[in-house]
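Subject: Structure handover, with notes on aromatic rings

Hello,

Here is the structure we talked about passing on. Please open it alongside this message.

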Amino acid sequence: MPLQKYCLSSKLNYFKVLSVLAVIFHFENTYCQSIITEDRMYLKVTPDVIKLEQDIYHPNFPEKATAHFIRWVYSYSNGLLIAERAFLISDLTRLSIEKLFEYDSNGKIIKDNTYNPSFPEFNTYTAYEYNAKGMLIKATEVNTTTKELYRVDTYLKYKNQTSFEKMSRFFGDDNKTAVKYTSVYKNGLKHTFFYNNGFPPVLYKYDSVGNLVSRNTRKYFYKMDERGNAIATVQLERGMAIYNFIRITYTDGTVTGSLDQDKNFIHEWDNRN
């Protein structure tokens, strides 16, 4: 779906800026959402991972327009994601976007802050609310400076702690809902995504350990390291392949994977596709 159909107001220019990165350089078409959106592919990691770096290679792009513009870097502590950053490949000292996460003593997320050095007027924070049973019921994203409302996620229809529905609403300048969608989670994994506008739902399928294997017609395959974490992935759809090369750092200092293109991995899937 065209981005301009979703970005309906000047306030949502914030989501335009961030989603340009997400749509071009990530597996999922995310509409105009922030850099860390649950509608894009996240890699499962074991608790002993402290850093995961990933580059995407799109062989169908022209030679001088490869998708190696952005490097994503995820930082973890005690199994929790504490920071997500995007850097320009051409200048890895230049931070493009940063998102930092805060947790309570039980490991529940209570707040995140998104920083955009090039567009500080679009910095935001999201506050998370829980009910008396400790279940997440609401997440509200606002502009850090102006406190304008950008997004509200409502969590409902809980079957247990990890099976529920999430209704997301994004707001325009008049604070009226500009777009709405619903996600259905089972055992902590997203299984269905509804656009709430007549478009067909998106269906997700996973393997026995929770790695995403399909998203409607898209198929995902993995190359794993000895500790069970992905160090290369490929997305296949309609004769097109997109590769993700990953470098993982563990708490004991071990490093697996590489951000260099794995020619054998590419050749293997090019022959299958």
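Below are notes on the aromatic pairs, the charges over rings and one glutamate. Please keep in mind that this is a predicted model.

**Aromatic pairs**

The structure holds 12 aromatic pairs. One of them joins F164 and Y185. Their rings are stacked, with 4.9 Å between the centres and 20° between the planes. This pair links distant parts of the chain. F164 belongs to strand 9 (residues 163-171), and Y185 belongs to strand 10 (residues 177-186). The two are 21 residues apart. Is F164 buried or exposed? F164 has a relative accessible area of 12%, so it counts as buried. Y185 has a value of 6%, so it is buried too. The cut-off for buried is under 20%.

F245 and F265 make another pair, this one edge-to-face. The centres lie 6.5 Å apart, and the planes are at 75°. Which elements does this pair link? F245 sits in strand 16 (residues 240-250), while F265 sits in helix 2 (residues 263-272). F245 is buried, at a relative accessible area of 1%. F265 is buried as well, at 6%.

There is also an aromatic cluster to look at. F170, Y181, F193, Y195 and F199 form it together.

**Charges over rings**

K111 lies over the face of Y125, 4.8 Å from the ring centre. R227 places its charged end over the ring of Y250, at 4.2 Å from the centre.

**E98**

Where is E98 found? E98 is in strand 4 (residues 91-103). Its relative accessibility is 15%. The limit for buried is under 20%, so E98 counts as buried. The side chain of E98 has a polar contact with the side chain of R85, at 2.6 Å. Leaving out residues up to four places away in sequence, E98 touches E84, R85, N113, T114 and Y115.

**To display**

- F164 with Y185, the stacked pair
- F245 with F265, the edge-to-face pair
- K111 over Y125
- R227 over Y250

Best wishes

Key: Residues numbered from 1 in each chain as written. Predicted model: local features only at pLDDT ≥ 70, side-chain atom pairs only at ≥ 80, totals over all residues. Heavy atoms only, no water. Phe/Tyr/Trp six-rings, centres within 6.5 Å; stacked < 30°, edge-to-face > 60°. Helix = DSSP H or I, 4+ residues; strand = E, 2+ residues; numbered from the N terminus. Buried < 20%, exposed > 50% of the residue type's maximum accessible area, 1.4 Å probe, protein only. Lys NZ or Arg CZ within 6 Å of the ring centre and 35° of its normal. Polar contact = N/O pair within 3.5 Å; in protein donor to acceptor, adjacent residues only side chain to side chain. Contact = heavy atoms within 4.5 Å.
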